[in-house]
Amino acid sequence: MFRFTAQGRIGKIEELKAKTLRISIAADRLAEGRDGQYTKTEWLRCVSFDADLNAEMLTQLDKGDSVTFEGRIVPTVWLKGEQKIYDNTFEITRYQRLSRPKAKSESKTKADQTADAPA
């Protein structure tokens, strides 16, 4: 069995048909281009078929959260017309939320309080 560990920021959480949750995560890397180095964002779609895990992730995770997913890589083959397509499914079996992005309103409120403080 193939295993994976992926760390990134949540871009999208989708509930699909019964007992299926798809979560897209993004991670940045440095890439070389004609004009030098630049940051490139890579995306990975992961799925979960575990109803209990899905319910937990739906309540605990939000777009923008930094997470680590662990799970199985399941090779798949499907037909597109007459052509066989070979692909992989990244199936989540465990997760850990690493951090949440700071809310804009929180930062603004703290800045306003500092500005209003007596000197």
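Colleague: Does Phe2 count as buried or exposed?
Modeller: Phe2 has a relative accessibility of 55%. Buried means under 20% relative accessible area, exposed over 50%, and partly exposed in between, with a 1.4 Å probe and protein chains only. Because its value is 55%, Phe2 counts as exposed.

Colleague: Before we go on, what sort of model is this?
Modeller: Residues are numbered from 1 along each chain as its sequence is written. Local features need pLDDT of at least 70, side-chain atom pairs count only at pLDDT 80 or more, totals for chains, interfaces and linings use all residues, and side-chain values use heavy atoms without hydrogens or water, as the model is predicted.

Colleague: Which residue in strand 5 is the bridge partner of Ile73?
Modeller: Strand 4, residues 66–80, and strand 5, residues 83–99, pair in the antiparallel sense over 15 bridges (DSSP must find at least two for a pair). Within strand 5, the bridge partner of Ile73 is Phe90.

Colleague: And Ser66, buried or exposed?
Modeller: Ser66 has its place in strand 4. Not counting residues up to four places away in sequence, Ser66 touches Gly8, Arg9, Gln96, Arg97, Leu98 and Ser99. With a relative accessibility of 16%, Ser66 counts as buried.

Colleague: Happy with that. In what order do the strands of the barrel run?
Modeller: The barrel is closed and has 5 strands, with mixed pairing. The order is 1-2-3-5-4.

Colleague: Last one: at about what angle does helix 1 run to strand 5?
Modeller: Helix 1, residues 51–60, lies across strand 1 (2–15), strand 2 (21–33), strand 3 (36–48), strand 4 and strand 5. Axes are lines fitted to C-alpha atoms, for helices over the stretch in contact, with angles from 0 to 180 degrees between N-to-C directions. For helix 1 and strand 5, the angle is about 60 degrees.

Terms used. Helices (H or I, at least four residues) and strands (E, at least two) are DSSP runs, numbered from the N terminus. Contact means heavy atoms within 4.5 Å.
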